[in-house]
Amino acid sequence: MDFRSDTVTWPTPEMREAAAEAAVGDDVYGEDPTVNELERLAAEMLGKEAGLFVTSGTQGNAVSVLAHTQRGDEIILEARSHIYLNEVGGLAVLGNLMVRPIVGELGWMRPEDIKRAIRADNIHYPRTHLLCVENTHNTAGGIPLTPEQLKADWEIAKEHDLCVHLDGARIFNAAIALEIDVKKLTQYADTVMICLSKGLSAPVGSVVVGRGEFVKKARKYRKMLGGGMRQAGIIAAPGIIALTKMVNRLTEDHETARLLAEGLKKINGIRVLNLVKTNMVNIDFAGIDWTSSDWIEACRKLGWKTRASGTITRLCTHYGIDIEDIKAFIEGLNKLVYSESL
Ligand SMILES: Cc1ncc(COP(=O)(O)O)c(C=O)c1O
């Protein structure tokens, strides 16, 4: 059992079968029917013209940002967003881009803050050209941003001729949590990156969607980054299962996260730090006087992999974790916390 991330999910038996039986061709020539179908399906589900299968979320964000911008442009993004913090500085290295981080409220950048950050047309300034939004917002605790929040940011962006890219690594978690069609969220972005390999459980891959011209440009950047794949239908086939069979199942992950948070709150000395709206529970266990190694060791004894930074950790629920697993974990943890020694 593994709480570290929803990226640890294994492909379902149906995905393995689909991979084995996938029709394939050379995708660099546009001839892999399974990849083409995945790209079409993702674009349709997200309400965009075209799609591009990429190797990872990081690559999807990179090709999107590159396709939107020119060297020296400035990008507005949230100060704790994945693109800014966790994508190896690709914005600077690959795009020669400037960044203008804004501290959001639970992951949401307020429109007035965005407005203030947009550069005037002045010879001294870089061009502000792109707004990047993240939904759900990972470091804010898996918070789903609502259509109203996204619309407010979109309107400010469009008033100032900015493009909007949505890092939707977990956009289906947001749609499921808000009980709305995902298009209600993606309508407020020119381009969207979704991950197939997180809660949707595919073994690998992400898809970028947007207008046909944008996807054509992004495809070229994907090739430049070494992401031109050949008989990629083998890995695209599980992605099709992810989109057709695994989206509604995310409610189970939200329910297990809610149960986990409730159980943890009842343990003296553990504080739940986030609003648990999707599949993430952030906690601080400073009150039980354990070090990060104590925490990791206690979880290991209970059969779980976790990680911790100081006394803070994020627990992620996903395919393969059910209600009984959570109950057993909470019961075991209670025993360890209240016993004299670990
Ligand atoms: C919000 C967000 N965006 C992008 C990514 C990058 O995805 P990948 O790990 O496939 O590169 C992640 C990964 O955890 C993420 O949480």
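Predicted model: local features only at pLDDT ≥ 70, side-chain atom pairs only at ≥ 80, totals over all residues.
Local features need pLDDT of at least 70 and side-chain atom pairs count only at pLDDT 80 or more, whereas totals for chains, interfaces and linings use all residues. Residues are numbered from 1 along each chain as its sequence is written, and side-chain values use heavy atoms, with hydrogens and water left out.

The chain is divided into domain 1 (9-245) and domain 2 (250-337), with bounds that come from an automatic or database domain assignment. The C-alpha centres of domain 1 and domain 2 are separated by 29 Å. In the interface, 21 residues of domain 1 are in contact with 13 residues of domain 2, contact meaning heavy atoms within 4.5 Å. About 1,300 Å² is buried between domain 1 and domain 2, and carbon and sulfur atoms give 64% of this area. Buried area is the accessible area (1.4 Å probe) that two parts lose on being put together, summed over both. Of the area that domain 1 buries against domain 2, G141, N173 and I176 supply 31%, more than any other three residues.

Between domain 1 and domain 2 the count is zero salt bridges, a salt bridge being a side-chain nitrogen of Lys or Arg within 4 Å of a carboxyl oxygen of Asp or Glu. Four residue pairs, both residues at pLDDT 80 or more, are in polar contact between domain 1 and domain 2. A polar contact is a pair of N or O atoms within 3.5 Å; within protein, one must be able to donate a hydrogen and the other to accept it, and residues adjacent in sequence count only if both atoms are side-chain atoms. Helix α8 (residues 171-178) contributes four residues, the largest share of the side of domain 1 that touches domain 2. Helices are DSSP runs (H or I, at least four residues), numbered from the N terminus.

Around the ligand there are 13 residues, of which G57, T58, D167, R170 and K198 come nearest; a residue is included if one of its heavy atoms lies within 4 Å. A polar side-chain atom of D167 lies 2.7 Å from a nitrogen atom of the ligand. Oxygen atoms of the ligand lie 2.9 Å from a polar side-chain atom of N138 and 2.8 Å from one of R170.

By the salt-bridge rule, the count comes to 25.

Conventions:
Helix = DSSP H or I, 4+ residues; strand = E, 2+ residues; numbered from the N terminus.
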